[in-house]
Every structure is written in C-alpha cells, then in structure tokens.
Amino acid sequence: MAAILFSFVISALIMLAAGYNPLQAFSAMLNGSFGSMNSIANTLAKATPLIFVGLACAFSNKGGIFNIGAEGQLYMGAFVATVVALSMQGMPRLVVIIVCMLAGALAGGAVGGMTGMLKAKLQINEVIVAIMFNYICKFLTSHFVNGPLKEAGSQTAKTIHIGEGYMLTKLVPKTQLTTAIILALMLMVAQYFFFAKTRAGYNIRAMGENPLAAQASGIPMSATIILTMGISGALAGLAGATEVFGKMGRFIDLFSPGYGFTGIAVAVLGRNNPFAVLLSALLFGIIDAGSLKMSYVAGVSTSMIGVMQGLVILFVATPNLVRFIKIKKGSK
C-alpha cells in the first residue's frame, strides 16, 4: 500500500512540474471510475481481462516460470473461440458459449504447453520461446482475419459477428460489464484452492521455491513444467475468449492494448496471490477507466496513465529486487 501511495505522490509531483493541478486530475479520475453506476461497470469491465491474465501470470510465477507469452495465448484463445462460434451457428446458446470458452482455453493452453514442453524437454529458455510465440500467434491470426476470414466489404480486419444471441449477458445494461467477471472470480477462488489444497498445486509451488529440492523429492519436473505453462496459457486464452463474447462479438485484428503484458504487472503487484491479483487488476482498471475524464477535465495527457502505472510497478517491485540482490551478495 505504501508503494502505491508513493507512486501517486510522485505522479502528483510530475503533474505539478508540468503545470497541471494533481488534485483536480485525481478527482476527475476517481469520478470517471466511480462517478455513476455506468462508470463503476466500465471500471470492472476494464479490470476483467486483467484478472484473467493476472491469474495466468501468477500461476506460472508460482512455479518459477515467467510467462511473457500471455499476449499470444490471449490472441489464440480469442481467435479459436471466434472460429468455433462461427462454425456452431444455430446451436443452443449455452452449448455454444461453453464449447467456445473451452476451445479458447485449450488454444491458449496449447501455446503455453508447447512453451513448457520446449523448456522441459530441450531446456530452451521459456522467455525466448514465449516472445517468439507472441509474434507467431499475432501474425497468424492477423493473416486469417486479413484474408480468408475477413468480413466482406469491411475496411477493418475483422471476422463477421458471432451473433448477438451468443454474447455473454450484460450485468449492467448499455455497458461492457458481463458475466465474464463472474467466471474470472470463480477461477480466482479455484486457483487459490488449487495451490492450497491439491498435490499438483504443491508440486508447482515446490518447483518454484526450490527446483533442486523438488526434483530430489521425486516431483516429476517435466510434467509439472508443462502443466504449469499449459494452465497458465489456458487462463490467458480465456481472457481472449471472454473479450470476444463479452465485448467485441468478433475477432478484430490487434484488438488487445497489451493485456498480456499488463497482466505481468498485475501479477507482480498482487504478489502472485489470486485475491491480491483481483485488487491489483481493479487498481489498473480504475486508472484506465478514469484516464479519459482526467484528460478532458484536468487537461492531463492520457500518456500520464502509463507513467502512473509504471511508477506503481516500480515501487512495488523495488523491495523484491533489493532483497534479491542482497541474497545474491550473501551467497558469494
């Protein structure tokens, strides 16, 4: 909490130096985030994909694996869910939604699982593989949505609409807040109990805390690495699927503003705790939702939002970095 407050103090000083009124800016941001029922719904809607990707990154972090590939996994989840929905036209709504959510999760899980397999079997660094998969997934989906799956006559690279009847239910009318947030909250609770109560969760935690000790105790390392990345990728894939079914209604080329990368920050800020990830995602949602009103009321550039988010990450991560340096120095 102190790190977050300190980041806002520094942001205020930067605003003052630039000639803006920080009190007016923060007041406008809060009003844009909580000023009405629609504003609150908008804030929660912006936080929803960050909950999914935050949980995805937190899951892999628990196993000591850095999943920087959530962005590509998200794209694959969104794309496959859309294709499956378009192939199931005319079928019952609930069946289509369930099948497409599973398809999106499997698509993201397949990409994450391949990353884990290359790390487990060939000892290839997961960061390098995941970054390459980000490009592969984004450009592969871009190829199809600019080519064979592009909506006829459209100037934008996008598929045809999956159909209003298949969209997730809106919790607040005329907003983008849907039942996707309920699914995210259910997964948050499930993730907590998975790590607290299951053998597989214990194996992943043990691998993340001390790989050598985990291996010596008989934990199947290769299988655990693949499982960790597979589930992490599945959570990221669900983020993409819910964006299609909750907001866009179709796959749109380059639709993500960087959810997969922001999810890393959300997980770091939440210290990989599922419930803290929720609060972290809400913080980023508040900042994002209030940025537009802060811009036109206080005149503060929307680029300031990036500065604020960066400062939050910096001050939260610094204590861990200092601790890591001290441990390294002590081990010499």
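Between helices H2 and H3 of this predicted model, the contact is formed by Asn31, Gly32, Ser33 and Phe34 on the H2 side, which meet Ser39, Ile40 and Thr43 on the H3 side. Two packed helices are described by the angle between their axes and the distance between the axes. For H2, which covers residues 22-34, and H3, which covers residues 37-62, the axes come within 5 Å and cross at roughly 90°. Because angles of 65 to 115 degrees count as roughly perpendicular, H2 and H3 are therefore described as roughly perpendicular to each other.

Helix H10 spans residues 221-248, and its 28 residues reach 39 Å from the first C-alpha to the last, which is close to the 40 Å expected at 1.5 Å a residue. Of those 28 residues, 22 are buried, so H10 is largely enclosed by the rest of the structure. Just after H10, Gly249 takes a positive phi of about 75°.

Ser232 is found in H10, whereas Leu311 has its place in helix H13, residues 303-331. Ser232 counts as buried because its relative accessibility is 0%, and Leu311 also counts as buried, at 11% relative accessibility, the cut-off for this class being under 20%.

| Residue | Contacts beyond four places in sequence |
|---|---|
| Ser232 | Ala56, Cys57, Phe59, Ser60, Asn67 and Gln73 |
| Leu311 | Ser7, Ile10, Ser11 and Ile14 |
| Met15 | Tyr20, Pro22, Ala25, Phe26, Met294, Val300, Met304 and Met308 |

For Leu311, one of the listed partners is Ser7; the two residues are 304 residues apart in sequence, yet 5.2 Å apart in space, C-alpha to C-alpha.

In soluble globular proteins, nonpolar side chains tend to be buried together. In this model, the largest nonpolar core has 76 residues, and those with the most contacts inside it are Phe8, Met15, Phe245, Met294 and Met308. Apart from this core lies another, of 9 residues, which includes Ala120, Ala206, Ala214 and Ile219.

How values were computed
Residues are numbered from 1 along each chain as its sequence is written. This is a predicted model: local features need pLDDT of at least 70, side-chain atom pairs count only at pLDDT 80 or more; totals for chains, interfaces and linings use all residues. Side-chain values use heavy atoms; hydrogens and water are left out. A nonpolar core is a set of buried Ala, Val, Leu, Ile, Met, Phe, Trp, Tyr and Cys residues joined through side-chain atoms within 4.5 Å. Buried means under 20% relative accessible area, exposed over 50%, partly exposed in between (1.4 Å probe, protein chains only). Contact means heavy atoms within 4.5 Å. Helices (H or I, at least four residues) and strands (E, at least two) are DSSP runs, numbered from the N terminus. The expected span of a helix is 1.5 Å times one less than its number of residues. Axes are lines fitted to C-alpha atoms, for helices over the stretch in contact, and angles run from 0 to 180 degrees between N-to-C directions. Angles under 35 degrees count as roughly parallel, over 145 as roughly antiparallel, 65 to 115 as roughly perpendicular and the rest as oblique.
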